[in-house]
Amino acid sequence: MSSEHSSHSPKPRVAVVFGGRSSEHAISVVTAGAVLSAIDRTKYDVLPIGITADGRWALTADAPERMAITDRQLPSVEQLTESAEGGVLLPVDPSSREVVYTEPGAVPKALGEVDVVFPVLHGPYGEDGTLQGLLELSGVPYVGAGVLASAVGMDKEYMKRVFISYGLPVGPYEVIRPREWDRTGPNGEKGAAARKKIVDFAADHGWPIFVKPARAGSSMGITKVDSPEGLDEAVAEARRHDPKILVESLLRGREIECGVLEFEDGPRASLPAEIPPVTSHDFYDFEAKYIDSATGIVPAPLTAEETGRVQELAVRAFDAVSCEGLVRADFFLLDSGEFVINEINTLPGFTPISMYPRMWQESGVSYPELVDRLIQAALRRPTGLR
């Protein structure tokens, strides 16, 4: 098989795991293509492993050129698999890192050991601590945040609760849990109390509001709502991605992002970027980011004081959630001059147009060096309690 390597190779073996069951499947594939292109093949052996939309782990072609968005068409793991039925097994056994390939009616084939996993899965079932937990059980080092930090970084409700507890500035928000929207009121109306809760929130903080999945990314499932009449449709769209939803007020100001990268002496912040208003879209949504390739300004046109402040807040957010490896922290710079943190992303996009690599490029760390630093940091870090 094209992806098979000797288990005795002197080079560390990196398994790039991508795809997955979340609605961000295609963006994960695009990210994987960029990472595969950047890994130094003279320094590392590489094993691409894709997870299909239904959760099957598959051996895929090492073909970054087939992982891009082409003519507005999104790629998938299924388009890259070498077999429609074959599967990859990662043993849950800390004494062995042997990866096995299986096909119905065939003898399992050893693919050699994996030294480190580079997960580029976005969203639930990959970025949320589930994959990280599997790798901890397997004793395989991996790039990025651990189980707790991944879970907190995925769930915007608990992320904000942690930020508040650490004194980080957070904008107004409300949470609607699944049972609240599903509950039938005294008049037989489903979700009446939850709907009132959202309307009351908007009355306190003003329309428009944003309704979004609590545990999703890439701006999927988000709707800007201008009045109560648009609520039901917005909630339905958010709940397509997650039964728990988050409601946020509109923060009037500039969108600023900042990357954090773990160096040998601790986390450091990149030069920040600014996401300017997207005139062709109501806000910086999925299509603006990935289909129409709306882009940000790097470095952000901030004063030296503002740059230092947002860098400080980004590192504080990284530490508050106990992150490892990398984080992209997203802020609003309000008209009052105050920075408010919106969220962090523990596995930010690594597509060629993604802001995280661009911010580090402007900060003196090239894309290949960034990938190498993340792999080396993962190889240094043990699994287990740390």
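Of the 386 residues in the protein chain, 54% are buried. The structure is a predicted model. Its protein chain holds eleven helices and 16 strands. The radius of gyration of the protein chain is 21 Å, in agreement with the value near 21 Å that a compact globule of 386 residues would have. Along the principal axes, the C-alpha atoms occupy a box of roughly 65 × 55 × 45 Å.

Contacts in the protein chain between residues at least 6 apart in sequence were classed by separation, and 66% of them join residues at least 24 apart. The accessible surface of the protein chain amounts to about 16,300 Å², and carbon and sulfur atoms contribute 51% of this surface. The protein chain carries 38 positive and 56 negative charges.

Two residues in loops were examined individually. Asp 155 is located in the loop between α3 (147-154) and α4 (156-165). Its relative accessibility is 8%, so Asp 155 counts as buried, the cut-off for this class being under 20%. A polar atom of the Asp 155 side chain is placed 3.0 Å from the backbone nitrogen of Glu 157, a residue within α4 (156-165). When neighbours within four places in sequence are set aside, the contacts of Asp 155 are with Ala 214, Arg 215 and Lys 244.

His 122 is found in the loop between β7 (116-119) and α2 (130-138). With a relative accessibility of 3%, His 122 also counts as buried. Residues up to four places away in sequence excluded, His 122 is in contact with Ser 22, Glu 24, Ile 27, Ser 28 and Thr 31, as well as with Glu 127. Further contacts of His 122 are made with Leu 347, Pro 348 and Gly 349.

Within this set of contacts, the side chain of His 122 forms a polar contact of 3.1 Å with the side chain of Thr 31. A polar atom of the His 122 side chain also lies 3.1 Å from the backbone oxygen of Leu 347.

Definitions and conventions: Residues are numbered from 1 along each chain as its sequence is written. This is a predicted model: local features need pLDDT of at least 70, side-chain atom pairs count only at pLDDT 80 or more; totals for chains, interfaces and linings use all residues. Side-chain values use heavy atoms; hydrogens and water are left out. Helices (H or I, at least four residues) and strands (E, at least two) are DSSP runs, numbered from the N terminus. The radius of gyration is taken over C-alpha atoms; the globule rule is 2.2 Å times the number of residues to the power 0.38. Buried means under 20% relative accessible area, exposed over 50%, partly exposed in between (1.4 Å probe, protein chains only). Contact means heavy atoms within 4.5 Å. Accessible areas come from the Shrake-Rupley method with a 1.4 Å probe; for residues, only the protein chains shown count as cover. Lys and Arg count as positive and Asp and Glu as negative; His and the chain ends are not counted. The place of a charge is taken as NZ of Lys, CZ of Arg, CG of Asp or CD of Glu. A polar contact is a pair of N or O atoms within 3.5 Å; within protein, one must be able to donate a hydrogen and the other to accept it, and residues adjacent in sequence count only if both atoms are side-chain atoms.
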